[in-house]
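Subject: Structure handover

Hello,

Here is the structure we talked about passing on. Please open it first, then read my notes below.

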Number of protein chains: 2
Amino acid sequence: MARKTKEEAQETRNRILDAAEQVFQRQGVSRTSLADIADEASVTRGAIYWHFRNKADLYDAMIKRVLDPEEARCNAGIVTDSDPLGFIRGLAVDFLQQLAQDPRYQRVFEIAWHKCEYVDEMAVIRDSHLECGRRFIALLEDAMQRAREAGQLPSSACPRQAAVGLIALLDGLVVNWTLEPALFPLAEYAPGLVDAYLLGLRASGGH
Amino acid sequence: MARKTKEEAQETRNRILDAAEQVFQRQGVSRTSLADIADEASVTRGAIYWHFRNKADLYDAMIKRVLDPEEARCNAGIVTDSDPLGFIRGLAVDFLQQLAQDPRYQRVFEIAWHKCEYVDEMAVIRDSHLECGRRFIALLEDAMQRAREAGQLPSSACPRQAAVGLIALLDGLVVNWTLEPALFPLAEYAPGLVDAYLLGLRASGGH
DNA sequence: TAATACATACGTTCATGTATGTATGTAAAT
DNA sequence: ATTTACATACATACATGAACGTATGTATTA
């Protein structure tokens, strides 16, 4: 075949990423060959090697297609300063609702949590996600701090511990629900569980 | 070499399982060949194929060596009927403390959560673990129910939602801490976070 | 002596990366 | 406005290596 226009090339790239989502979800990252992805995308391995250096690079791009907008949205709301705890609650609940609705979110988070081993080149990718997670913890910790200063949390509360607990609750819900969506109704349970945890923080001081 | 006595054979089997823990943790399950494990255990692949059918069977045995005693311990305490919420708290905190202390727990849970892709033959194994998780949820749900009847939780509380939230919190802590132990002090945070969540349930009714 | 507990040897499959082929779009030269 | 030249966007072909399962050998032990 032959050269395509720039837009067509981008379409090809996206088709490859779409295909990767499907096949990774079915077979896991390790057991998926680039030939499998090429078949699913109706291209050859040549096309994949043109757009990506290797499987790890492709995987990274697939994750970033979802995470980058998510983090942008996360930082966009940071200006809200009057009600820190409400800001935190909104962030958490919105994310879980988004996951409950968006099939691409479901695929990508299922892959990231259950269909990928983070070793070797993948470990580098995991570290970049870990960096992302650390920034999120810092953001939450900062918001918890402000909530304490605003009197929304008792002065005895530990902002970091409170932040860690919330992340754990969120990740735990994501991990379990992506593993088996029939286990519980995520969208229905999410607000109540987040509220319960935050309410517990106000009552106990987080330690 | 040659035939050994039964006890020696069991030692060999355990050496192989120990080696598997080490290599799986380093390289991930997929990227680990049986030759790698054989080298680490100072045996040949022949020994592994004698004791296990294949890598999935070996992995399953490795997990069960930790999970079976854990579940036994879990069911042993079930008789406690006077203080359901205290029983739940004990179960949760003990488990987290155990993880914080026991290197084998740390290895195996890190492998199960972060170094293994649950597809194909592995999916069967995951289902058996999922079964185990379901039993744990049922156990918690039942305890939550009894807690409600004992007046430890408001009558508006949903036992299943409460159980799911606790599991999520626990799994979230395990997942994050095994991913990066330096992120937070597990043993120190565990009691406070579990208490905060349970306290939140009492206050909010779990919904 | 027969089953056990391994070690060794073999054949097959399969994924990877690269090298090379090829046809088209694109920009500059005429 | 053509032609020319080159970069682009893939497809195809090839060489390498690694892991798997099995088959077979061998020395004990019961």
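First, a definition: a residue is buried if 20 or more other C-beta atoms lie within 10 Å of its own, exposed if 12 or fewer, and partly exposed in between, with C-beta atoms placed from the backbone.

This is a predicted model, in which local features need pLDDT of at least 70, side-chain atom pairs count only at pLDDT 80 or more, and totals for chains, interfaces and linings use all residues. Residues are numbered from 1 along each chain as its sequence is written, while chains are lettered from A and ligands numbered from 1 in the order in which they are written.

Two residues of chain B

Asp120(B) has 13 C-beta neighbours inside 10 Å, so it counts as partly exposed. It sits in the loop between α6 (103-114) and α7 (121-149) of chain B. Its phi is positive, about 55°, although Asp120(B) is not a glycine. Ser42(B) also has a positive phi, near 55°, and is a residue other than glycine. Its loop runs between α2 (34-41) and α3 (45-51) of chain B. Ser42(B) has 11 other C-beta atoms within 10 Å, so it is exposed. For background, most residues other than glycine have a negative phi.

Chain A overall

Chain A has nine helices and zero strands. Both kinds of element are DSSP runs, numbered from the N terminus: helices are H or I, at least four residues, and strands are E, at least two. The C-alpha trace of chain A spans about 65 × 35 × 30 Å along its principal axes. Of the 207 residues in chain A, 37% are buried. Among contacts in chain A with a separation of 6 or more, 67% join residues 24 or more positions apart. A contact means that the C-beta atoms of two residues, placed from the backbone, lie within 7 Å.

How confident is the predictor in chain A? The mean pLDDT is 90, and 95% of the residues reach 70 or more. pLDDT is the predictor's confidence in each residue, from 0 to 100. Within chain A, confidence is lowest in α4(A), at a mean of 88, and highest in helix α8 (residues 159-179), at 97.

Helix α2 of chain A

Which residues of helix α2 (residues 34-41) of chain A are buried? They are Leu34(A), Ile37(A) and Ala41(A). These cover an arc of only 60° around the axis, so they lie on the same side of α2(A). The arc is that of the directions from the helix axis to the C-beta atoms. The buried residues of α2(A) pack against α1, α3 and α4 of chain A. Just after α2(A) comes Ser42(A), with a positive phi of about 55°.

Helix α4 of chain A

Leu58(A), Tyr59(A) and Met62(A) are buried in α4(A). The buried residues of this helix pack against α1 (6-27), α3 (45-51), α6 (103-114) and α7 (121-149) of chain A. There is also a kink of about 35° in α4(A), centred on Lys64(A). That bend is the angle between axes fitted to the seven residues ending there and the seven starting there.

Where the chains meet

The contact takes 41 residues from chain A and 42 residues from chain B. On the side of chain B that touches chain A, the largest share, 14 residues, comes from α8(B).

Best wishes
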